[in-house]
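Dear colleague,

Please find below the structure that I am passing on to you, with its sequence. My notes on the salt bridges, a helix and the pockets follow it.

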Amino acid sequence: MLSGVSVSKQKNGTVYYRSSITYRNKHISLGSFSSEEDAGTAYLDALKIIGDSSINLLNISYCNFILPFEKAIILLNFRDNQLYFKNPIYLRKGYFSYFLSPSMELKFDIDDLFYYSSHKIQKRQGHLFVSDYGMQYSILARYGIKPYAVVGRDYDFANGDLHDYRYSNIIVRNHYHGVQQIQKNGVIKYRTFIHINGNYVIGTYSTEEKAAIAYNKAADLAKSAGISKNFPENYVESLGPKEYAEVYTKLHISKRYLSYLESLK
């Protein structure tokens, strides 16, 4: 058997080959391969990374490795920064990079290092998420951004880099469901809309909190009119129960929307 290679069998009896390496007293799995030759080559690739300082972040994607790219990043970080992570993380000065692919480098603050060192980021249909306790969570949730939020409307990246998730680079414009920040005569206001067989504008309000409560009120009215839809609820933590109730009672709702609900009775 080649160095760094062991043989295993799947439940159906299919033979495959595991590759691994021990570096700085850490036993590191390099992946599973269909042939002993490929597994052995992956082991040699790993040896080259840890032993050749000329291999770095700038050129590692151009190396003709059988070793999976994420394993190469893990080894490169361990070599350069003396810290092992099971995910493709590379420590930078003041932040860290998480590589989803050679062309997709996500940047995060050091404050998030512990979380992403133990939670694998996945990408599906353009959405980035992690699995936690059997549930899937968008990485946007850590910034208070809703999963349905649209970049450029609900949030922005200050430096224009759509892969830079450092907190100072994230600008959240709309924190609540059914609320959209707008400018009216040069003044920032908040428009509320609800989706029921199309979008209905509920009203335009002076604060984001009022707009969020207006959405809740519109959802309550819809339920009272017999609309059986699971409307999400906006939680306005800045207001106590009494203040919330006062705002809820006084808020004006679009006559067009009220007329629509009346037509359903």
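Glu105 is partly exposed at 21% relative accessibility, where buried means under 20% relative accessible area, exposed over 50%, and partly exposed in between (1.4 Å probe, protein chains only). Glu105 forms a salt bridge with Arg92, with 2.8 Å between the closest N and O atoms; a salt bridge here is a side-chain nitrogen of Lys or Arg within 4 Å of a carboxyl oxygen of Asp or Glu. Arg92, at 30% relative accessibility, is likewise partly exposed.

Please note that this is a predicted model, in which local features need pLDDT of at least 70 and side-chain atom pairs count only at pLDDT 80 or more, while totals for chains, interfaces and linings use all residues. Residues are numbered from 1 along each chain as its sequence is written, and side-chain values use heavy atoms, with hydrogens and water left out.

The count of salt bridges comes to eight. Among them, Asp112 and Arg142 meet at 2.8 Å, N to O. This pair links distant parts of the chain, 30 residues apart: Asp112 lies in the loop between β6 and α3 (113-118), and Arg142 in the loop between β9 and β10. Helices (H or I, at least four residues) and strands (E, at least two) are DSSP runs, numbered from the N terminus. Asp112 is buried, with a relative accessible area of 2%, whereas Arg142 is partly exposed at 32%. Another salt bridge joins Asp164 to Arg166, again with closest N and O atoms 2.8 Å apart; Asp164 is buried at 1% and Arg166 partly exposed at 21%.

Helix α4 (residues 208-224) has 17 residues. Its buried residues include Glu208, Tyr215, Asn216 and Lys217. Just after α4, Gly226 takes a positive phi of about 95°.

As for pockets, a pocket is an open set of points on a 1 Å grid over the protein atoms alone, where a 1.4 Å probe fits, with protein on both sides within 12 Å along at least five of seven lines; lining residues have an atom within 4 Å of a point. Of its 36 lining residues, Ser138, Leu140, Ile145, Lys146 and Pro147 are the closest to its centre. Strand β9 supplies the largest share of that lining, four residues.

The second largest pocket holds about 220 Å³ of space. It is lined by 19 residues, with Tyr148, His177, Gly178, Phe193 and Tyr215 nearest its centre.

With kind regards

Conventions:
Points joined across faces, edges and corners; volume = space filled by probe spheres on them. Expected span 1.5 Å × (residues − 1).
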